[in-house]
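Reader: I am new to this structure. Please walk me through the terms used for it, one step at a time.

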Amino acid sequence: MFLLFAAFLAGVLTVLAPCVLPLLPVIIGGSVSGDNKDRRRPLLIAGSLAVSLIVFTLLLKATTLLINLPPQAIIYFSGGIIIALGIATLFPTAYTTLIARLGIEHRAQKLLGKGTANRSSIIGPIITGAALGPVFSSCSPVYGYILATVLPAHFAQAMAYIVSYVIGLALIMLAIGSYGQKLTSRIKFASDPNGAFQRSLAILFILVGILIITGTGTKIQTFAAAHTPFNFDAFNAKLLPSTGKTLDDSKLYNVTAYKAPELTGIDSWINSQPLTLQQLKGKVVLIDFWTYSCINCIRTLPYVQGWYSQYQKDGLVVIGVHAPEFSFEKVAANVADAVKKDKLTYPVALDSELATWSAFSNQYWPAEYLIDRNGDVVRQHFGEGEYDQTEKAIRGLLAQGSSTKLTSNLVAKSSGADPVAAGQTPETYLGAARQDAFQGTTSNASGATATFHYPNMLGANGWSLSGKWEVSDDKVTSQSSSSKLELHFAAKNVYLVAGSTSPNSVGVLLNGQPISNTGNAGVDVTGSQVTIGESRLYTLAAFKNFTDGTMELTVPAGTDLNVFTFGN
């Protein structure tokens, strides 16, 4: 119930988001264009915006109907419509003639049960609201939380939250549109379709559309967010659900003890028969959420295995809950191979549908939950680091109610430092569902496949494609031997999650040179080529010092690329 209200409130507060502020003139402009006496216009914009946002969510997030839509296609579509509306406002006579000949206005009025007599055009506001829906979808952390965390596990519940969010957003947009219409109705020349006011609105529409298509709007939003006293994201984060646990990483047991959720929805087990937390009551249990292609998880595994090897005899039970991030990580054989490769001997539970992940309200890879003998979670840690603190907490729990003397040698040697360096390139997803930082253009698009072109200059932390590629929800797949990918990075190590049904050799250039010639090739690179076969994480580059550079991959047809990750 709290999240239902929080979602509604987040929808209302979205008006304060940096990504929404540049669009408010479009909302107001669409409401006042034409006859300012037509009170339907703000209502039509808000209503079509709400419907558009829900439909967009269903098509791109809750189904696989448009899973292969090329990246940026929706943004180009939305920006293009707004530009078209601007042009139509700039040349109202031509627009009216075209609409009349096509009969669109008559059908729209009839659909709404209204006659055309003495009514201004309703097509404009409907299209305006519909075009803005996808743009608004990335403006709220609460909306993003619902999509990423609730939707994969509880569809009906998530849709209720999304509808609540959309209602809040629509109401505030209706209020803004209505107020803007009322204010401008006092200006006599505002309703003149050929007047300076309407033409100024038309130019504004065109500029906003260009900003959306080119991505310049995103840069402006980032600048505004960094230089605005009000931190929209931080405020919205307070609306996200809290488990009621008080975090304080300066303490070993950093949460107020709460009953550990039961393991649920587990597909199968590796290294063990099925286990439940109920049957393990009386033992100390460490739950480690991980996925086998995640570099952060891979770096954590030796510590988790070390704790299990060291303290199993003292009563510690370690359960690695494998929660897949990509579709290939749901394949049990792939997980089994990774467990064998990483020499993991503790029980591993395959949580392919993220049921246990959801039960713990988890959002991170890796994530550790330490459970005491009473079955209560008493410590949690997200991400890498703090290995020594976690081990001390394990030892403390094992010492309680036990006469066994623990060894004095700690397994963990880490200082707990964050492996992410200042200025390091963030994890970069290539698939359409979570894609960001993409730069460049497309042409000859046909369904999921398109021909891509590099931009004139690749910006910091950006990446781009050249040649023919197929774009899926969680990957991009080369469609020709000349397909290339360029990446601008800042890191000490560069990793790539990739796979292919048959081994393919991918060429690797660093700053225009074969990477092996530079002495910085990763362990998976031989002769400036990396052989991509099984879907896993490949190490492309390893530098002695933090490096800012450009990497280019020449990718044979049939090779899947999922995500770049980086280390320090």
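Author: Start with the word helix: a helix here is a DSSP run of H or I with at least four residues, numbered from the N terminus. Ser48 is found in one of them, helix H3, which spans residues 40-62. Keep in mind that this is a predicted model.

Reader: Why is Ser48 called buried?

Author: Buried means under 20% relative accessible area. Ser48 has 11%, so Ser48 is buried.

Reader: Which residues does Ser48 contact, leaving aside neighbours within four places in sequence?

Author: They are Pro125, Ile126, Gly129 and Ala130. Contact means heavy atoms within 4.5 Å.

Reader: How much of the chain is buried?

Author: Of its 568 residues, 50% count as buried. The chain's secondary structure comes to 17 helices and 19 strands. Among contacts between residues at least 6 apart in sequence, 74% join residues at least 24 apart.

Reader: What is said about the backbone at Asn271?

Author: Asn271 has a positive phi of about 70 degrees, although Asn271 is not a glycine. Asn271 lies in the loop between strand E2 (269-270) and strand E3 (284-290).

Reader: Why is Asn271 called partly exposed?

Author: Partly exposed covers the range between the buried limit of 20% and the exposed limit of 50%. Asn271 stands at 41% relative accessibility, so Asn271 counts as partly exposed.

Reader: And Ser528: buried or exposed?

Author: Ser528 has a relative accessible area of 10%. That is under 20%, so Ser528 is buried. Ser528 has a positive phi of about 65 degrees and is not a glycine. Its place is in the loop between strand E16 (525-526) and strand E17 (529-532).

Reader: Which kind of peptide bond runs from Trp365 to Pro366, cis or trans?

Author: The bond is cis, with omega near -15 degrees. Pro366 sits in the loop between helix H15 (355-359) and strand E6 (367-371).

Reader: How many cavities of 30 Å³ or more does the structure hold?

Author: One. The largest cavity has a volume of about 40 Å³. Its lining includes Leu277, Lys281, Val285, Asp372 and Gly375.

Reader: How confident is the predictor in the chain?

Author: The chain averages a pLDDT of 77, and 70% of the residues score at least 70. Confidence is lowest in helix H6 (residues 104-111), at a mean of 51. Confidence is highest in strand E5 (residues 348-350), at 96. Over residues 114-120 the pLDDT is below 50, and that stretch has 15 contacts in the model beyond near neighbours in sequence.

Reader: Where else does pLDDT stay under 50?

Author: Over residues 242-250. For that stretch the model has 14 contacts beyond four places in sequence.

Note on methods. Residues are numbered from 1 along each chain as its sequence is written. This is a predicted model: local features need pLDDT of at least 70, side-chain atom pairs count only at pLDDT 80 or more; totals for chains, interfaces and linings use all residues. Side-chain values use heavy atoms; hydrogens and water are left out. Helices (H or I, at least four residues) and strands (E, at least two) are DSSP runs, numbered from the N terminus. Buried means under 20% relative accessible area, exposed over 50%, partly exposed in between (1.4 Å probe, protein chains only). On a 1 Å grid over the protein atoms alone, a cavity is a set of points where a 1.4 Å probe fits but cannot get out, and a pocket is an open set with protein on both sides within 12 Å along at least five of seven lines; lining residues have an atom within 4 Å of a point. Grid points are joined across faces, edges and corners, and a volume is the space filled by probe spheres set on the points. pLDDT is the predictor's confidence in each residue, from 0 to 100.
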